[in-house]
Amino acid sequence: MKPRFKTALILTLLCFGVFSMAASAHAATPIAKITQFKGEVLIVSGDQISKVTAVGHPINHGDSLQTKNGEAQVTFNDGALMTIRPYTSTVIQEAEEEKGWFLFKAKDLVRRITCQVGNLWFKSGASARKNYLQSPTAVCGLRGSATEWGYNNVMTYMNQTAGGSDLMGPVQKVTEAFFKGLQANAQQYAGQNPVYNKLNDAYNKTEQANRTGTPLDKAGAKVAVLEALKASLQAILANPNLSDAARNALNNALNQVNQDLINAQNQLNTLSGQTTTTVAPTTSSVTTTTTSIVETTTTTVAPTTTTVTIPTTTTTTSVTTTTTTSAASPTSAF
């Protein structure tokens, strides 16, 4: 090999190694931490599930947080705040997303918080990150906002107290009093949600494996965690309002979980004396139709044991709203 080609090859490999290490370090950097909590709060990071036991617990891209009869406050690196209410399951993502075509491509740093079931409150931070609140059926782009956001397995609800938002999908705008009614029934909604139940099951099996220490229980716990992650990703991918960049990232994550699940299931089968299996990874795609609908005002009854009539607005496609009232957080137990 000629010296100049050899030198060029060495420089290329060195550059690749530097960039790879930088990307790995960036991926491992926490994006937020838990600054307050009470009651039982579970966190799923990678294929590990555990109970939050101390303030300061780091949160990474792709982690899930789930509460039982408790709450958690999350502070992001840019000062954004989130309070997760009791009986709520969330997924937190923060990564670069590519937009545009060919020579006009650009990357945005995007934060996506998905509420699988339950209620949360979110206030934007000081950075230029784009913030999106999501449910399995809707997406809300925030602009300097403070917002309550919830999902009861049927409808997505929001109460924006500051800033503006761009809505995609069916969302009902309600009052703070309405959210209190949702919270009163939160345990019932959580008990009917497959993702919430799978995460609880995974935690119980992990605790059993920690007690017994047997390889069979450990293998079963790992399968349970990966099955819960798979269900969570599939629930998010069912949302027809996701951007292409968000959908591609989720599909990549789902393919990796599927492969890890195959390996974990084969290990479990080997330990239990069953036949191993191989399953091809899956990719979810949704065809969307855009419809322009004029915003209308409707009357909605809060889903509580007491009948309350309140004004709401149903919005199904790209509606821009602006609110200028106070950004103070609603009443919290903290």
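# Exercises on a predicted structure

C140 is buried (under 20% relative accessible area, where over 50% is exposed and anything in between partly exposed, with a 1.4 Å probe and protein chains only), since its relative accessible area is 0%. The model is predicted, so local features need pLDDT of at least 70 and side-chain atom pairs count only at pLDDT 80 or more, while totals for chains, interfaces and linings use all residues. Residues are numbered from 1 along each chain as its sequence is written, and side-chain values use heavy atoms, with hydrogens and water left out.

**Exercise 1.** Determine how many disulfides the structure holds.

*Solution.* Begin with the criterion, which asks for a pair of cysteine sulfur atoms within 2.5 Å. The structure holds zero disulfides. As a further step, look up C115, which counts as buried because its relative accessibility is 0%.

**Exercise 2.** Describe how strand β12 is placed and which strands it pairs with.

*Solution.* Recall that strands (E, at least two residues) and helices (H or I, at least four) are DSSP runs numbered from the N terminus, and that two strands pair if DSSP finds at least two bridges between them. Strand β12 covers residues 156-168, and because eleven of its 13 residues are buried, it is largely enclosed by the rest of the structure. Next, strand β11 (residues 139-151) pairs with β12 in the antiparallel sense over eleven bridges, and G150 has Y157 of β12 as its bridge partner. The two strands form a hairpin with four residues between them, and in the turn N153 has a positive phi of about 80°. Finally, β12 runs parallel to strand β13 (residues 171-173), to which three bridges join it, with M158 standing opposite K173.

**Exercise 3.** Find the aromatic pairs and state the geometry of each.

*Solution.* Rings of Phe, Tyr and Trp (its six-membered ring) pair if their centres lie within 6.5 Å; planes under 30 degrees apart count as stacked, over 60 as edge-to-face and the rest as tilted. The structure holds two aromatic pairs. F76 and F122 form an edge-to-face pair, with 6.2 Å from centre to centre and 75° between the planes. This pair links distant parts of the chain, for F76 lies in strand β6 (residues 71-76) and F122 in strand β9 (residues 106-123), 46 residues apart. Y157 and F178 form a tilted pair, at 5.0 Å centre to centre and 45° between the planes. Because Y157 lies in strand β12 and F178 in helix α2 (residues 176-184), the pair ties together parts that are 21 residues apart in sequence.
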